[in-house]
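Q: I would like to learn how to read a structure like this one, feature by feature. Where do we begin?
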2 protein chains.
Amino acid sequence: MFTEHFVNINGDIVLGDKAQISIFDRGFLFGDSIYEVTYSENGAVLFLDEHLDRLYQSAMYIDLELTLTRDQLKKELLRTLKASTYPRAYIRLIITRGTNEINLDPTLSQENNFIIIVKPLPEYPEALYKKGLFLTISSIERNSIKSTNPRAKSGNYLNNVMALNEAKKKNADDAIMVNSNGNVTEGTTFNIWFVKDSILHTPSLNSGLLKGITRDKVINICEVNNLTLRVDTFSPSDFLDADEMFISSSTKGIMPVYKLDDKVFGSDIKDWPMIDQLIKLYSNYKTKYQQNTKYKYL
Amino acid sequence: MFTEHFVNINGDIVLGDKAQISIFDRGFLFGDSIYEVTYSENGAVLFLDEHLDRLYQSAMYIDLELTLTRDQLKKELLRTLKASTYPRAYIRLIITRGTNEINLDPTLSQENNFIIIVKPLPEYPEALYKKGLFLTISSIERNSIKSTNPRAKSGNYLNNVMALNEAKKKNADDAIMVNSNGNVTEGTTFNIWFVKDSILHTPSLNSGLLKGITRDKVINICEVNNLTLRVDTFSPSDFLDADEMFISSSTKGIMPVYKLDDKVFGSDIKDWPMIDQLIKLYSNYKTKYQQNTKYKYL
């Protein structure tokens, strides 16, 4: 089942079917772990520095001490990619707080476990970029900043699993979630945006959401290209009243939304000029990055 | 490190050091799992039916379809206990939604993974039952019923890990948590109670907490023994104003709290007549149960 997966477990690279971890690992017992997902194209990792920056942010939010250096993480990641020989790969890096006698107390663990998964990049159907996604507004609230802060990209993803589960039952592709104030936060694995009267809008970090790498890039692209952007708190009705809607994600990039609950935004990328423009700007941004990156492994 | 642990993984019983699971298991990736903890004494499992009932409740809350029957779970559990030959054992049963290609979508998994861990029961120092615990009120809110419902005993325990982490930094033994309304919910791994003017009080389920098995037993003991009990929403000040405070947990039973933040309830079980009485009543209740249980394995 996992024969195409190259997995680095604490320095040992094995094929996916042999990739195992102790059931006493805190990631398994409590979801006490953090992770990052990115990908490579043409044998070069996309935005590796940014993902490692965020990994350190996640570690800070859950008070997880990283027992590997940043250089060790980079080295192991590039070594795993090289072993795979995949020029175009999905990359997942997981750091758990480690293994100790069954006990919630996080101070009992002395050393992290790290796992790097490399597999062929799943190709999303081109139609999704042309025709868009159908999303629903979940009845399940996003975890609060004051409880399990969504700013930490952690192994506690049941909140998002449940929202996606609900969306699938409605035959939707995925879900977006509100916080306890009723304001929109993010999707289950992506940030969300809307366009109204040619102005871009995206929920602010204090709505309770992950600081997406692609979200950061789009914000940057808006600034450089003089596109007006409003980062604020928004209600579901702000989204339902929009002209265009899209998602941003490290693996999916920028993808339009054609429908949110009963609201239809259109049926084709031709209906969404701002999204069309952003997809092109983001593609150019990535091309430039790849030409200059030092994170090549093939 | 885990040489005293007997672990049953999907039917294979191995020693703890060899107990491993695929890193693609959803429990490891997303905390997409449920679990129960109980123990055995004199070769008999305590409250097994009640724990299995709650396991099914947890499964319902996260829409996890159990692919093993209740009888299979019981059989595997008793088989693992028998293999250990421990008359007095800690027992942890974990069910994950299973293994599938990395994707949040819970419908992709066809079959659960189950893990049963049996190890010698850790003995809590007798002094804790006489002198009590020092708890703090956490600044981290308990996950909301509307986001990650605490009624499901799941593999998403980072919320509790963070509260315990904070407590340890204050040199406390453990923490209790409030919800977003500021009402008290539960401890990190236990339910909580207080006594005021000889009346017992414990937070209601709609405060957002796990329906503890020992909590249920204490409620039952109150009824049978005509002890007045109020189950309601309570603020931290209700607890800080109490005469006695205690916790209930499957592994710890009933244990007094001598201090909550700056409030000192006393220094010895002699100061807490109601707790003293309840510990005795609960002990008698357990003895009777053990004399009549059909879940003997030695």
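Q: Take B:P203. Is B:P203 buried or exposed?
A: First, a caution: this is a predicted model. Now read the relative accessible area. Buried means under 20%. B:P203 has a relative accessible area of 1%, so it is buried.

Q: Where is the place of B:P203 in chain B?
A: B:P203 lies in strand 12 of chain B, residues 199-203.

Q: Now salt bridges. How many does the structure hold over all chains?
A: Look for a side-chain nitrogen of Lys or Arg within 4 Å of a carboxyl oxygen of Asp or Glu. Over all chains, the structure holds 40 salt bridges.

Q: Which residue forms a salt bridge with B:R26?
A: The partner of B:R26 is B:D32. Their closest N and O atoms are 2.8 Å apart.

Q: Are B:R26 and B:D32 buried or exposed?
A: Apply the accessibility test again. B:R26 has a relative accessible area of 1%, so it is buried. B:D32 is at 0% relative accessibility and therefore counts as buried.

Q: What does B:R54 pair with in a salt bridge?
A: B:R54 pairs with B:E36, with 2.8 Å between the closest N and O atoms. The pair links distant parts of the chain, 18 residues apart. B:R54 is in helix 2 of chain B, residues 48-61. B:E36 is in strand 4 of chain B, residues 33-41. Both B:R54 and B:E36 are buried.

Q: Which side chain meets A:R88 in a salt bridge?
A: That of A:E123, at 2.7 Å from N to O. This pair also links distant parts of its chain, 35 residues apart. A:R88 sits in the loop between helix 3 (70-84) and strand 6 (89-96) of chain A. A:E123 sits in the loop between strand 7 (113-120) and helix 4 (126-131) of chain A.

Q: How do A:R88 and A:E123 count by accessibility?
A: A:R88 is at 32% relative accessibility, so it counts as partly exposed. A:E123 is at 51%, so it counts as exposed. The cut-off for exposed is over 50%.

Q: Which residues are linked with A:D49 in a network of salt bridges?
A: A:D53, A:R70 and A:K74. Keep those names in mind for the helices.

Q: What describes two packed helices?
A: The angle between their axes and the distance between the axes. In chain A, helix 2 (residues 48-61) and helix 3 pack at about 130 degrees. Their axes are 12 Å apart. Helix 2 and helix 3 of chain A are therefore oblique to each other. Their crossing is right-handed.

Q: Which residues of helix 2 and helix 3 of chain A meet?
A: Helix 2 of chain A brings A:L48, A:D49, A:L52, A:D53, A:L55 and A:Y56. Helix 3 of chain A brings A:R70, A:L73, A:K74 and A:L77. By class, this contact has six nonpolar, no polar and four charged residues.

Q: At what angle do helix 2 and helix 3 of chain B pack?
A: At about 130 degrees, with axes 12 Å apart. That makes helix 2 of chain B oblique to helix 3 of chain B. The crossing of these chain B helices is right-handed. Contact residues from helix 2 of chain B include B:L52 and B:Y56. Those from helix 3 of chain B include B:L73 and B:L77. The contact divides into six nonpolar, no polar and four charged residues.

Q: What is phi of B:D197 near?
A: 50 degrees, a positive value in a residue other than glycine. B:D197 lies in the loop between strand 11 (191-196) and strand 12 of chain B. B:D197 is exposed, with a relative accessible area of 58%.

How values were computed
Residues are numbered from 1 along each chain as its sequence is written. Chains are lettered from A and ligands numbered from 1 in the order in which they are written. This is a predicted model: local features need pLDDT of at least 70, side-chain atom pairs count only at pLDDT 80 or more; totals for chains, interfaces and linings use all residues. Side-chain values use heavy atoms; hydrogens and water are left out. Helices (H or I, at least four residues) and strands (E, at least two) are DSSP runs, numbered from the N terminus. Buried means under 20% relative accessible area, exposed over 50%, partly exposed in between (1.4 Å probe, protein chains only). Axes are lines fitted to C-alpha atoms, for helices over the stretch in contact, and angles run from 0 to 180 degrees between N-to-C directions. Angles under 35 degrees count as roughly parallel, over 145 as roughly antiparallel, 65 to 115 as roughly perpendicular and the rest as oblique. A crossing is left-handed if the near helix is turned anticlockwise from the far one by less than a right angle, and right-handed if clockwise. Contact means heavy atoms within 4.5 Å. Ala, Val, Leu, Ile, Met, Phe, Trp, Tyr, Cys and Pro count as nonpolar, Asp, Glu, Lys and Arg as charged, and the others, Gly among them, as polar.
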